[in-house]
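Subject: Handover of a structure and its findings

Dear colleague,

Please find the structure below, together with its sequence.

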Amino acid sequence: MERKTNNPGPADVDARVRGIANDVTEQSQTQRENVESRRMFEDLFDNSDAAIIDFDFSVLFQLVRELKRNGVVNLRSYMRDRTSVRASS
């Protein structure tokens, strides 16, 4: 006696399979390392006995570059001779 089922047999199934696979192993590892690094530096910052100060010297560097473009070769003597420059800084 033969049983009939509603399940399609191998001949009835469309054998095409489409898919995209991306290996994200390296990306995941990099992300884990970044999180760990951030935690380490946050811990260092939060528990440090030393003061941590961040200064932005970009304006000073810009001023020095401008002075060099204008021909100043000895910054020390330039500043010593110009008290008005020192006072405005």
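In what follows, a residue is called buried under 20% relative accessible area, exposed over 50%, and partly exposed in between, with a 1.4 Å probe and protein chains only. The model is a predicted one, in which local features need pLDDT of at least 70 and side-chain atom pairs count only at pLDDT 80 or more, while totals for chains, interfaces and linings use all residues. Residues are numbered from 1 along each chain as its sequence is written, and side-chain values use heavy atoms, with hydrogens and water left out.

Overall picture

The chain has four helices and zero strands. Helices (H or I, at least four residues) and strands (E, at least two) are DSSP runs, numbered from the N terminus. Read from that end, the order of elements is α-α-α-α. Of the 89 residues, 4% count as buried. The accessible surface of the chain is about 9400 Å², and carbon and sulfur atoms account for 51% of that area. Such areas come from the Shrake-Rupley method with a 1.4 Å probe; for residues, only the protein chains shown count as cover.

By the rule for salt bridges (a side-chain nitrogen of Lys or Arg within 4 Å of a carboxyl oxygen of Asp or Glu), the count comes to one. Arg-38 and Glu-42 form this salt bridge, with their closest N and O atoms 2.9 Å apart. The two residues are separated by about one helical turn, because they lie four residues apart in helix 1. Arg-38 is exposed at a relative accessible area of 57%, whereas Glu-42, at 37%, is partly exposed.

Asn-47 lies in the loop between helix 1 (25–46) and helix 2. Its relative accessibility is 53%, so Asn-47 counts as exposed. The side chain of Asn-47 makes a polar contact of 2.5 Å with the side chain of Asp-43. A polar contact is a pair of N or O atoms within 3.5 Å; within protein, one must be able to donate a hydrogen and the other to accept it, and residues adjacent in sequence count only if both atoms are side-chain atoms.

Helix 2 has 12 residues, which should span 16 Å at 1.5 Å a residue, and the end C-alpha atoms are 16 Å apart, in agreement. The expected span is 1.5 Å times one less than the number of residues. Just after helix 2, Gly-71 takes a positive phi of about 95°.

Rings of Phe, Tyr and Trp (its six-membered ring) pair if their centres lie within 6.5 Å; planes under 30 degrees apart count as stacked, over 60 as edge-to-face and the rest as tilted. Two aromatic pairs are counted by this rule. The pair of Phe-55 and Phe-57 is tilted, because its planes stand at 45°, with the ring centres 5.8 Å apart. Phe-57 and Phe-61 form a tilted pair as well, at 6.4 Å centre to centre and 50° between the planes. These ring pairs link Phe-55, Phe-57 and Phe-61 into a cluster. Phe-55 is exposed at 58%, while Phe-61 is partly exposed at 48%.

A nonpolar surface patch of about 640 Å² is made by Ile-53, Phe-55, Phe-57, Leu-60, Phe-61 and Leu-63. Patches consist of residues with over 30% relative accessible area and no salt bridge, where like charges are joined within 9 Å and nonpolar side chains (Val, Leu, Ile, Met, Phe, Trp, Tyr) within 5 Å. Leu-60 sits in helix 2 (residues 58–69) and is partly exposed at 45% relative accessibility.

With kind regards
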